[in-house]
Amino acid sequence: MNKLIALIDGSIYTHSVCDHAAWVAGRTGAAVELMHVLGRREIASAPANLSGNITLGAQTALLEELSALDEQRAKLAQKRGRAILGDAKALVEAAGVAEVTTKLRIDDVVETVTQFEGEVDMVMIGKRGEAADFAKLHLGSNLERIVRSCHQPVFVASRAFKPIEQILVAYDGGASSMKAVDHIARSPLFAGLTCRLLSVGPETAESRKRLGDAEAVLRAGGYTVDAALLPGQPEAVIAQVVEAEGIDLLVMGAYGHSRIRSLIIGSTTTEMLRSCKIPVVLFR
């Protein structure tokens, strides 16, 4: 791995994103680029409605005042963004990462990730942002959009960092989960970690063969793998295993179905992100 982008927004997840970025860089030697993206709405106010009983001169004066306020707001947002990036850079450097850069962008965050993902090997983001409703376990509003559009692995940081020793690979036999297995087998990021491989569903010859194939790939990569095929609903079973086994990192394929299908019957990916208190690495 040569480089990763870590998206930060000043939320309480920012410190965790920095810690996880430093952990990835420490294991892979990757450079870290910290990126803060200001949405266009954050630096522009809503159009003012100046209709009604107001004179032309007063309208002109008010427009000039609103324009000055917009300019000041934009400057303050950029100043805050640079401060967030400066603090984050100090955190990552203090963790021992030698190559840390920062970038402040004014754009849509998904468009920004799309523009720069070709230059990096991983994108990292916090599970929730500044606007998320923590009480209702809402995820960050941009998280699914980024994961669905990104061709690189997306590392979703949990609220707080803790040492990562055990990983669980949730495997469903699909192309994205096979991509995850192949990546683990080849990447130094996961080398030396305890690996658990889990499929959830009915016991059939086909499902057992798929699991065996994935296990063989991991063993060829040097892992001692504990593989299991368990019955039940994937969301519930995966969450139970994560909790019972003290798993530190969940790795899985992401959003194997369309947004419309996920809206109708739900999404295993979204449910795992919402319910699991550990970081998740997602592959598309």
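I started at D248: a polar atom of its side chain lies 2.9 Å from the backbone nitrogen of E165. The D248 side chain also reaches the backbone nitrogen of Q166, at 2.9 Å. I worked on a predicted model, where local features need pLDDT of at least 70 and side-chain atom pairs count only at pLDDT 80 or more, while totals for chains, interfaces and linings use all residues. Residues are numbered from 1 along each chain as its sequence is written, and side-chain values use heavy atoms, with hydrogens and water left out.

Next I placed D248. I found D248 in the loop between α7 (234-245) and β9 (249-253); helices (H or I, at least four residues) and strands (E, at least two) are DSSP runs, numbered from the N terminus. D248 is buried, at 7% relative accessible area; buried means under 20%, exposed over 50%, partly exposed in between (1.4 Å probe, protein chains only). I listed the contacts of D248 (heavy atoms within 4.5 Å). Leaving out residues up to four places away in sequence, D248 touches K162, P163, I164, E165, Q166, I278 and P279.

Then I turned to the nonpolar cores, sets of buried Ala, Val, Leu, Ile, Met, Phe, Trp, Tyr and Cys residues joined through side-chain atoms within 4.5 Å. The largest has 44 residues, and L34, I167 and F190 touch the most other members. Helix α1 (residues 14-28) gives the most to this core, 7 residues. Apart from it I noted another core of 36 residues, including V123 and M272.

Last, I looked at the whole chain. I counted 9 helices and 10 strands. Of its 284 residues, 44% are buried.

Key. A polar contact is a pair of N or O atoms within 3.5 Å; within protein, one must be able to donate a hydrogen and the other to accept it, and residues adjacent in sequence count only if both atoms are side-chain atoms.
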